[in-house]
Amino acid sequence: MKIYLTGFMTSGKSTIGPILANVLGYDFYDLDKEIEESEKLSVVEIFEKYGEKYFREAESKILNELSKKDNLVISLGGGTIVNQKNFDMMKNSGTIIYLKVSPNTLYKRLKHKTDRPIFKDLVLNNKNEAEFIKRISELMEKRKQYYEMADIIIDTELTSFGKTVDRIAKKIFYLNNEKNKS
Ligand SMILES: Nc1ncnc2c1ncn2[C@@H]1O[C@H](COP(=O)(O)OP(=O)(O)OP(=O)(O)O)[C@@H](O)[C@H]1O
Ligand SMILES: O=C(O)C1=C[C@@H](O)[C@@H](O)[C@H](O)C1
Ligand SMILES: [Mg+2]
């Protein structure tokens, strides 16, 4: 089984992914980290040096390579799913799980982080809360049609890491049992 974790920047994909993989006994890959290793640059540096289009091409290429493996959890980047080819490939090859978090909570997590190129300028320019949340909400609006086509949606707003992992693992064990029955 292949599990793809999707959701907005700082929704918790990279934090929860390795714990989930450990619980399921699967291998774990963080797509952003794989791109960084392959390019020998950080995500911010790739955006600055080569631009977003280049990053997106590298992202799709590495996603396709990783997806040849089985029994794994992949924590995607926040924008990976917003590409029809990536989406179709993941939908046809595995289970997509969306970690749903509100713009207000995402703001609290993002406001001090300078390692997300898309929000770095807002953090460095100390943009006020209303403007920041507006930008998060606008991007969320564009992306949510993809996020919400996930196979499983987990509202993680009020949930600790452990509880989120527990809820996902239970759903995966159930799906695996159903698959074995048929
Ligand atoms: N209940 C929670 N669940 C998940 N993350 C939480 C929670 N509470 C606080 N956090 C914090 O939110 C941040 C989530 O960041 P993380 O890198 O896991 O997000 P991500 O979804 O991988 O983002 P990106 O798309 O940028 O890769 C971490 O700093 C984590 O400590
Ligand atoms: O949401 C996004 O577009 C991104 C999220 C991160 O995971 C990285 O992939 C990068 O910062 C872009
Ligand atoms: Mg991540």
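Reply: A residue is buried if 20 or more other C-beta atoms, placed from the backbone, lie within 10 Å of its own, exposed if 12 or fewer, and partly exposed in between. This is a predicted model, where local features need pLDDT of at least 70, side-chain atom pairs count only at pLDDT 80 or more, and totals for chains, interfaces and linings use all residues. Residues are numbered from 1 along each chain as its sequence is written, while chains are lettered from A and ligands numbered from 1 in the order in which they are written.

Me: Which residues of H8 are buried?

Reply: Helices here are DSSP runs (H or I, at least four residues; strands are E, at least two), numbered from the N terminus. The cover over the buried residues of H8 includes strand S1, strand S4 and helix H6. Those buried residues are Ile 133, Ile 136 and Tyr 147.

Me: Is Asp 32 buried or exposed, and why?

Reply: Asp 32 belongs to helix H2, and the UniProt annotation "binding site" (unreviewed entry) includes Asp 32; such annotations may be inferred rather than shown by experiment. Because 22 other C-beta atoms lie within 10 Å, Asp 32 is buried.

Me: What does Gly 78 contact, leaving aside neighbours within four places in sequence?

Reply: Gly 78 sits in the loop between strand S3 and helix H5. Contact asks for C-beta atoms, placed from the backbone, within 7 Å. With that cut-off and those neighbours left aside, the partners of Gly 78 are Gly 7, Phe 8 and Met 9.

Notes. Two residues are in contact if their C-beta atoms, placed from the backbone, lie within 7 Å.
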